[in-house]
Amino acid sequence: MKKTVRLWLVLLTMLPVSGLLAQVPNAAEDVLKQLQKVAVIEQKIMMPMRDGIRLATDIYRPRTDKPVPIIFSKTPYNFNSWGDGEQRAGTYQAALDAVKHGYAYVVQNERGKFFSEGDWEILGAPTTDGYDAFAWMAKQPWSNGKIGTLGCSSTAEWQMAVAALGHPSHAAMVAQGFGAGVGRVGPFMEQGNWYRGGAQQMLFTTWLYGTQIDDKARPIFPKSATSEDLTRVSRFYDLAPEMPKVDWAQGLRHLPVQDIIKHADGAKGMYDKLIPRKPNDPDWYKGGLYHDNMPFGVPSFWFASWYDVSTGPNLALFNHVRKNGIDEKTRNAQYLVIAPTLHCAYKRATENTMVGERSVGDARLNYDELTYGWFDYWLKGDASADPAKMPRVRYYTMGSNKWQTSETWPPANAKPVTYYLSSGGRANSLYGDGKLTTKLPAASEKADQFTYDPAFPVPSYGGNVCCTGNAVQGGSYDQHQMETRNDILVYTTDAFDNGVEVSGNIETTLYVASDAKDTDFTIKLIDVYPDGRAFNLDETILRARYREGFDKEVFMEKGKVYKLVLSPMATSNYFAPGHRIRVEISSSNFPRFDRNMNTGGDNYSETKGVAAHNQIYHTDKYPSQIQLPIAGK
């Protein structure tokens, strides 16, 4: 039975709302003063849902008698924080920007988070909460009936499934870093980034440690508490747990995987429900994920980034809606930006943008101007902001370090060129004889072999990641020291005399064998500089049992050769003269992905694995290869 926090004696001693500024930390005080001059502020409005649950909502609207459009942000994160004021200042700044542009700004906590009632489910399920919020806001006398949704990461990921419900007031979306809201689209069945190629992406282990809550221990307020009461309480009691710090570089090594959060003394919650789910479990289709059999009818401005965890599904969803939106208006109202940054780090781009160890030049873009131009057109009817005047796709090409534009993704001038893996059977490590070549390999080429031991996995070093604490640093890092390992096969082109631009989706086909019933195969795409530095661009994985589809498991037989088609990678990178293209092949990338224990078991409940002896074939019969989209002049 849940505990109820009785606060009435405390409330009698609280400062009145007029004492607000005395309690606000410096980081938020200046912004709040500006906001109070131009906005009507209503905090802890308990917005009712259809089942009687109320969601805590803060509203900031222009001081005007005219109805205004709404920018709505729904989040599992804490916008009630008064600690150092940084989170609160961020909310106030977003509200101030919106109000100055003539919008009401509404921010709401998901069901079961902080002051919102109910039990939390990942992605703010049920999706009807979003629909009910639109209906409530549209009826307010200060609303013009048009609502745009805005956010990055978990503040964006709920938007797609709610868009599928088709509320008439949901007029536009700006979704940034939104991949964890994509369940199945095209070749990707990642179920909100839980999986990649059937292997668990361990980012959710660390993220849920800091996000999930134990519903049996969560304090709640009596329904008789007013918005004024809750606003006062939030000045010093924001319901944010202070999670003990965990060294995730060690913590993620714990076995079994299902007990990692328990081992870290974390709260019980969603992790226990999610960990046994297979990629096509029916429960993935009951929550807040968007799947490609659902309708979509909302004009959307999509923002992705090259070093995010879900670039591939993000781009696939953009293309899916462009092709399958509910009508021509929707299909034509989809626009995309791809930045060379980490997850939700768009505004951190500088004159010399560093993504990990690699400089990608001046990658700045005026995201606020793009966002408000988008909303001005769809929510205000401002013809001067017609998106038809801007590029359909803006993408940043690393290496040449410039923004480019296209009507499609991939760019129409990018044509697939096949590069085959080749060697004399000794492609192990940087010092082996592995090559990438456009020539079909001979029938006589020997397979490359390596041993994958789950007790000694290849460490993740940089990469397209998010939310893994100190376990993995996202971005582009020099891989050449990693490439001294014998359990990494290295294949490299000759140095280019002329520069080569790769912009688009990268397809990988491997012909493999193993003495294990099941194992993983990984790949990284690398830009090798003339001085030997080797910077990672993208990476993917396939658990061999899912080679025939994510709806079934088919195990391997010893000595038999199997064809594996890995989930596509994506990038835009210019390989300058003297540079080389490289791929690394192995069977682990840990803790970016969980370890395959090679037993054919479930991996999440296992504590002991076995070594797998794996082979990569590359002959005219078994032409292991990557297809690179080479951009023409």
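Two strands are said to pair when DSSP finds at least two bridges between them, and the views below, all taken from a predicted model, begin with such a pair.

**View 1. Strand 15 beside strand 16.** Strand 15 (residues 393-397) and strand 16 run antiparallel and are joined by five bridges.

View 2. The strands follow the order 1-2-4-3-5-6-11-12-15-16, and their pairing is mixed. Strand 1 (39-48) and strand 16 (402-406) each have a single partner strand, so one side of each is left without a neighbour in the sheet. From one strand to the next, the twist averages 20°. Helix 12 (residues 311-324) packs on this sheet, where it touches strand 11 (300-307), strand 12 (334-342) and strand 15, and its direction makes about 155° with that of strand 11.

**View 3. The largest nonpolar core.** This core has 70 residues, and those touching the most other members are Met160, Phe296, Trp302, Leu317, Tyr491, Ile616 and Leu628. Strand 24 (residues 562-575) contributes the largest share, six residues. Leaving aside neighbours within four places in sequence, Phe296 is in contact with residues including Met160, Trp302, Val321 and Gln334.

**View 4. Ala471 in its loop.** Ala471 lies in the loop between strand 19 (448-452) and strand 20 (489-492). Because its relative accessible area is 15%, and buried means under 20%, Ala471 counts as buried. Apart from neighbours within four places in sequence, Ala471 is in contact with Trp248, Ala249, Leu252 and Pro591.

Terms used
Residues numbered from 1 in each chain as written. Predicted model: local features only at pLDDT ≥ 70, side-chain atom pairs only at ≥ 80, totals over all residues. Heavy atoms only, no water. Core = buried A, V, L, I, M, F, W, Y, C linked by side-chain atoms within 4.5 Å. Buried < 20%, exposed > 50% of the residue type's maximum accessible area, 1.4 Å probe, protein only. Helix = DSSP H or I, 4+ residues; strand = E, 2+ residues; numbered from the N terminus. Contact = heavy atoms within 4.5 Å. Axes fitted to C-alpha atoms, helices over the stretch in contact; angles between N-to-C directions.
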